[in-house]
Amino acid sequence: MKEYLRKLPPVHELQKEKRFEEIQASFTLTNDQLTKFIQKEVSELREKLISGCLTNLHPDQGFSEMIFGNVNKKVSEWKKDRLTRVINGTGTVLHTNLGRSRLSEEAVTHVISVAQNYSNLEYQVQAGKRGSRHDIIEDLLKEATGAEAAMVVNNNAAAVFLILSALTKDKEVIVSRGQLVEIGGSFRVSSIMEESGAHLVEVGTTNKTHLYDYENAIREETAMIMKVHTSNFKTIGFTETVETDALVKLKQEHQDIVFYEDLGSGALYDFKKLGIGDEPVVKEVIDSGIDLVSFSGDKLLGGPQAGIIVGKKDIINKLKKHQLARVLRVDKLTFAALEQTLKAYLTGENASLKLPTVRDVTKSLEDIKQQTEEFTAKIKSQADTYQVEIERSTSQIGGGTMPGVELQTYVATIVHDSLSAQELASRLRACTPVIVTRIQNNRVSVDFRTVTNGEMEAVVNGFLEIEGCK
Ligand SMILES: *Cc1c(COP(=O)(O)O)cnc(C)c1O
């Protein structure tokens with residue numbers, strides 16, 4: 001090995017080579033950056049030579065080409081976007097792993113404009129003085145939900161934390177045992193309550209909670225009755241929960257208790273009128289007389305990640321003034337995206353149906369079928385290594401919303417001549433853009449509910465590229 005080690009070119013020699021200049025130019029790297037890549041490569045190569053794990057070396061092996069070849073690959077890998085576009089072929093509309101809601105075109109355009117320029121985020125343009133970011137879209141939130149007041153924080157988990165910290169620290173919060181949920185493994189109502197300094201008072205049992213359970217738990221120290229929308233699971237069978245109306249009545253007998261519901265998803269579009277789930281729209285919940293409601297911006301609402309709090313004005317004012325409101329505040333890009341998303345709901349049914357999330361949840365079976373057929377025909381005519389079939393299936397809404405709701409769909413199921421379903425799915429994930437699929441019964445399946453017409457070509461190309469390089 002010694003003779004090979006001696007042949008390893010020193011870094012300063014490599015820096016003088018033409019390849020160095022070429023790579024530097026093609027990836028627009030500084031001299032220092034590229035030198036670091038080369039140093040690392042040379043030292044790895046040295047390690048390998050010493051440990052003897054490099055075989056097949058020629059007696060007159062030149063290392064320069066090998067080093068530049070590897071460095072080129074590594075730089076190209078490093079240059080790739082970390083956060084990258086994905087085509088969601090799973091049919092799950094609110095896929096938390098895939099970033100939940102896609103934004104509407106109007107929202108994206110507005111985000112770009114606000115991002116590229118100065119804005120009136122905290123400025124009252126007419127008066128020419130300092131303003132508050134809380135005021136920017138409050139009117140739209142009030143109009144969309146019918147609430148007296150509204151504010152926006154980082155996400156719904158932050159909303160829950162702010163509400164509990166600001167209103168119930170060192171006091172008691174009554175929650176039904178059936179609603180002590182965990183969402184996505186990292187958000188537990190009981191833990192967040194502990195963090196906030198509130199004392200949890202559990203009432204009822206896992207499957208049944210009665211009004212008298214709440215009544216009996218109310219005492220001097222009670223600051224809040226909290227309802228948690230059990231949005232990511234469904235209890236079926238011998239169950240009972242207390243309706244919001246009944247709790248509103250109970251609360252009215254105890255004026256200083258706040259009645260708050262963590263709605264989870266918070267729909268502004270009435271999906272249930274199309275027979276999809278039984279999620280109440282936020283307005284209905286507010287109309288029931290509840291004090292405070294919070295929900296996510298990027299679940300069924302179809303906007304950016306955000307936690308939206310709506311309800312009674314005096315309570316919201318208190319929240320806005322709390323130190324945590326500053327800690328949990330959102331930036332201008334979130335406001336920009338949320339503004340346009342809300343406007344879609346306020347401009348009527350058709351505009352809201354164009355929001356990608358609402359559109360995909362309500363996508364017609366006919367449209368999905370047509371896309372599935374188009375895909376199938378394209379693959380069949382261009383590749384004979386695949387067996388493609390069309391099948392009826394169901395898609396989920398996801399994001400922990402509307403559990404148990406199965407949307408009717410069609411999927412294309414694809415079997416490759418020689419690749420296993422796992423291998424095929426993995427190669428699709430290596431495509432640019434990344435294509436994520438489902439595996440069912442040992443077959444890859446693509447559900448076009450969450451694939452737009454504009455994405456069709458990329459999906460087809462992904463399959464064809466794999467076909468070519470088996
Ligand atoms: C999703 C969800 C949350 C968390 O919302 P994020 O916006 O993801 O922080 C909290 N509570 C309920 C009931 C939820 O469904």
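What is the volume of the largest cavity?

1. The largest cavity has a volume of about 40 Å³. The model under review is predicted, and a search of the whole structure finds 1 cavity of 30 Å³ or more.

2. The lining of the largest cavity is made up of R133, H134, I137, E138, L141, A150, M151, V152 and F335. By class, this lining contains 6 nonpolar, 1 polar and 2 charged residues.

3. Two elements, α7 (138-145) and β4 (149-153), each supply at least two residues of the lining of the largest cavity. The largest share, 3 residues, comes from β4.

4. Turning to charged pairs, the structure holds 29 salt bridges. One of them joins E41 and K74, whose closest N and O atoms are 2.8 Å apart. E41 lies in helix α4 (residues 31-51) and K74 in helix α5 (residues 64-79), so the pair ties together parts that are 33 residues apart in sequence. E41 is buried, at 3% relative accessible area, whereas K74 is partly exposed, at 36%.

5. K80 and E77 also form a salt bridge, with their closest N and O atoms 3.7 Å apart. K80 counts as partly exposed at 46% relative accessibility, and E77 is partly exposed at 49%.

6. A further salt bridge links the side chains of R219 and E221, at 3.5 Å from N to O. R219 is partly exposed, with 48% relative accessibility, and E221 is partly exposed, with 36%.

Definitions and conventions
Residues numbered from 1 in each chain as written. Predicted model: local features only at pLDDT ≥ 70, side-chain atom pairs only at ≥ 80, totals over all residues. Heavy atoms only, no water. 1 Å grid on protein atoms, 1.4 Å probe; cavity = no way out; pocket = protein on both sides within 12 Å on 5 of 7 lines; lining within 4 Å. Points joined across faces, edges and corners; volume = space filled by probe spheres on them. Helix = DSSP H or I, 4+ residues; strand = E, 2+ residues; numbered from the N terminus. Nonpolar A, V, L, I, M, F, W, Y, C, P; charged D, E, K, R; others polar. Salt bridge = Lys/Arg side-chain N within 4 Å of Asp/Glu carboxyl O. Buried < 20%, exposed > 50% of the residue type's maximum accessible area, 1.4 Å probe, protein only.
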